[in-house]
Amino acid sequence: MSLKPKHFHELLGYKFIIPPYQRGYRWDKEQVEALLEDFKDFIISVRKARISKGLVDSFYCLQPLTVVNAGEKDTYHIIDGQQRLTTIYLLLTYLKNNRNFQIYSLSMPSRKVQDEYLSKNLFLDPESDYRANIDNFYIHQAYSAITAWFDRNDNETIKQEFCNLLVSKPMFEGDILNDVRIIWYEISGQTALQAFRRLNYGKIPLTSTELVKALLLQGDISDDRQSVSQSATYRRAVEWDMMEHTLQNPYLWSMLVDSDDRPTNHLELVIDFVADNKNALMTDPVNNRPMFARKDRRQQTDKDSRDYFNYNVINEYLRRGGQKAADEIWNDIRDTFNLITNWFDNRLWFHLIGLLRIVQDRKPSRRDFLKLIYQLSSDNGQPVSRPVFTDRLTKLIGQSIRLTGDDSLGSIAYGVDNQKIIKILKAHNVLTAIEDETENNRFAFHLFEYFNVTSLEHIHPQNITTDATYDDFCNWFSTRCNDYANLNDSDWHTIVRNMHVSDDTEADETETIGRLKSETDGAIKTIGRLIVSSKSYHDDQNRQALEEPIRILDRLFGDLSGISETQLHSISNLSLVDGATNSALQNYFLNKKRSILMERHNRCGTSPRNGTYVPPATRKVFNKDYSRESPGDMRLWRPEDRKLYFNSIENAYNYFLNQID
């Protein structure tokens, strides 16, 4: 074992290997900039010392770098210090432009994509694909932070001084400007894996999944067996990274896991499942209970409170079973991963599993939900047939959305049965995606949850009340005045035919239209007079006087669409959007809402803050796809539109309930 300060320039010809069990690069912008500022502060202190001939630290010292020799000269496995060494590699690559100096190499033999991105300096190309791999994303982000920092400190002097600091060999004793050292901690007599485990076990930054990875990729699980070959270790490492990358697919992940649940390693989902099963097999002979217990997440009040249940279980299982147990656990991980991807690859199962998750009354934990789906897919550990699995999923969804008592699809109403309506509309939207092969293949559960698309939007605008804010009321009034001014002769005759006032059924249409116009003109004048200011609007007497003219305006446009007060709040006039979009749609008619909705939907990928995800059935509603053969007036949500939409909802509802015995 060797612990000593080493001049940093001595490292520039070395080869460093990042072992397969190491975590990926994860420094963010703040950490990168902190290192650069630290270098800069040292350089400035040296400048001041030269001017004043004062004292300064004898050299700049970096934090320890822990390594194990890889069996070749100047070639080392990195045990600790990978993040800082990688960042300085990016910094030196940036500084090398038109300068001639050597840089140490970094390689990741088990991670082909990351190794190529780093070793070939693909991060220098802004067009290179860095988003498909999480390690490459962080490397790209770090290099961008370096270039941006130097842009803000734009002068060649600072760049040259950085080069002197890191690259140049001190010319004489006390040449502090060119003297950067690193604490070199070389461990001998141990494998890289042994050193990694002993150095990192118990440290807060390591997750249980990372420790499990180290266990399964090591070559010394037990002392009484032949070591796993290096090639086998690398194959496992490559397969591990492939599984992790696959599970980071937001469509696959959101099939089983809530979008707010973002562990450092997505493979934790699989490790949880395998560890639970192995723990159940290991019974404590004293109390006849499983060996280990998970921590209650509610008791984990800070980021330093971690549950090492998975590591403890698998470590104990390996201790008992050695290599055979390691192979068994590895096969269990692969089998569980393959099972999940099989569910995902089946388009129907993907939608049914994701829907079952989002219609639960309580959000299930990822562990419990994966266990539930596994139980539905098998009997006594043996997979059931495809039709049986499909029927079980469908049945559970039906049980979750089923209306009970006197409730029916035609009777549930906004303001009373919101949660019931939301569940049914979720099912309707997902079934719409299932049945529409052109629906971009998959329902985007991750976007649905990210934008929280659970707000009930009235398709034909609901009536305004004086409980609205002054600004909202003024917006409503301005919209209605504009709508009124744009009514044509055909609209007026439609209003008369749809009127729900029995006294006018035999009246002459022309006379009725004249009376309605006069009545509406009076209502508009009254409202305009009563809302000249916020103070006037909030006056109790004025609010009472507003009620009748409001009723006249809302009834007029309700009659234009042929919708009654009861129908206004029925499921046939409701759709799912997110809260921000609900506010943006205000009290506009269908054509205006459609324009706003699709504009926000189209911004979903490019400007999420100003965009949204519009689920398929909602899109069909505002495009009037349910009555595409005879859509009629594209401004209005007519009785025939509501009927066809309701029929579609009813069909979806019955699709899921038909599986219930």
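Mentor: Buried means under 20% relative accessible area, exposed means over 50%, and partly exposed lies in between. Please keep in mind that this is a predicted model.

Trainee: Is Tyr655 buried, partly exposed or exposed?

Mentor: Tyr655 has a relative accessible area of 32%, so this residue is partly exposed.

Trainee: And what about Phe656, buried or exposed?

Mentor: Phe656 is buried, because its relative accessible area is 0%.

Trainee: How are the rings of Tyr655 and Phe656 arranged?

Mentor: First, the total: the count of aromatic pairs comes to 37. In the pair of Tyr655 and Phe656, the ring centres are 5.0 Å apart and the planes stand at 90°. Planes over 60 degrees apart count as edge-to-face, so the pair of Tyr655 and Phe656 is edge-to-face.

Trainee: Which residues form an aromatic cluster?

Mentor: One aromatic cluster is formed by Phe39, Tyr94, Tyr117, Phe123, Tyr143, Trp149, Phe150 and Phe162.

Trainee: Turning to helices, at what angle do H17 and H21 pack?

Mentor: Helix H17, residues 470-485, packs against helix H21, residues 540-561, at about 45°, and their axes are 11 Å apart. H17 and H21 are therefore oblique to each other. The crossing in which H17 passes H21 is left-handed.

Trainee: Which residues meet there?

Mentor: From H17 come Phe473, Trp476, Phe477, Arg480, Asp483 and Tyr484; they meet Leu546, Ile550, Leu553, Asp554, Leu556 and Phe557 in H21. Sorted by class, this contact of H17 with H21 has 9 nonpolar and 3 charged residues, with no polar ones.

Trainee: How do the axes of H13 and H14 cross?

Mentor: The axes of helix H13 (residues 366-377) and helix H14 (residues 386-401) cross at roughly 130° and come within 8 Å. H13 and H14 are therefore oblique to each other.

Trainee: What meets what between H13 and H14?

Mentor: In H13, the residues are Leu372, Ile373, Gln375, Leu376 and Ser377, and they meet Phe389, Arg392, Leu393 and Leu396 in H14. By class, the contact of H13 with H14 has 6 nonpolar, 2 polar and 1 charged residues.

Trainee: One last topic: where is His446 placed?

Mentor: His446 is in helix H16, which covers residues 445-450.

Trainee: Is His446 buried or exposed, and why?

Mentor: His446 is buried, because its relative accessible area is 16%.

Trainee: What does His446 touch?

Mentor: Not counting residues up to four places away in sequence, His446 touches Pro250, Tyr251, Ser254 and Ser259.

Notes:
Residues are numbered from 1 along each chain as its sequence is written. This is a predicted model: local features need pLDDT of at least 70, side-chain atom pairs count only at pLDDT 80 or more; totals for chains, interfaces and linings use all residues. Side-chain values use heavy atoms; hydrogens and water are left out. Axes are lines fitted to C-alpha atoms, for helices over the stretch in contact, and angles run from 0 to 180 degrees between N-to-C directions. Helices (H or I, at least four residues) and strands (E, at least two) are DSSP runs, numbered from the N terminus. Angles under 35 degrees count as roughly parallel, over 145 as roughly antiparallel, 65 to 115 as roughly perpendicular and the rest as oblique. A crossing is left-handed if the near helix is turned anticlockwise from the far one by less than a right angle, and right-handed if clockwise. Contact means heavy atoms within 4.5 Å. Ala, Val, Leu, Ile, Met, Phe, Trp, Tyr, Cys and Pro count as nonpolar, Asp, Glu, Lys and Arg as charged, and the others, Gly among them, as polar. Rings of Phe, Tyr and Trp (its six-membered ring) pair if their centres lie within 6.5 Å; planes under 30 degrees apart count as stacked, over 60 as edge-to-face and the rest as tilted. Buried means under 20% relative accessible area, exposed over 50%, partly exposed in between (1.4 Å probe, protein chains only).
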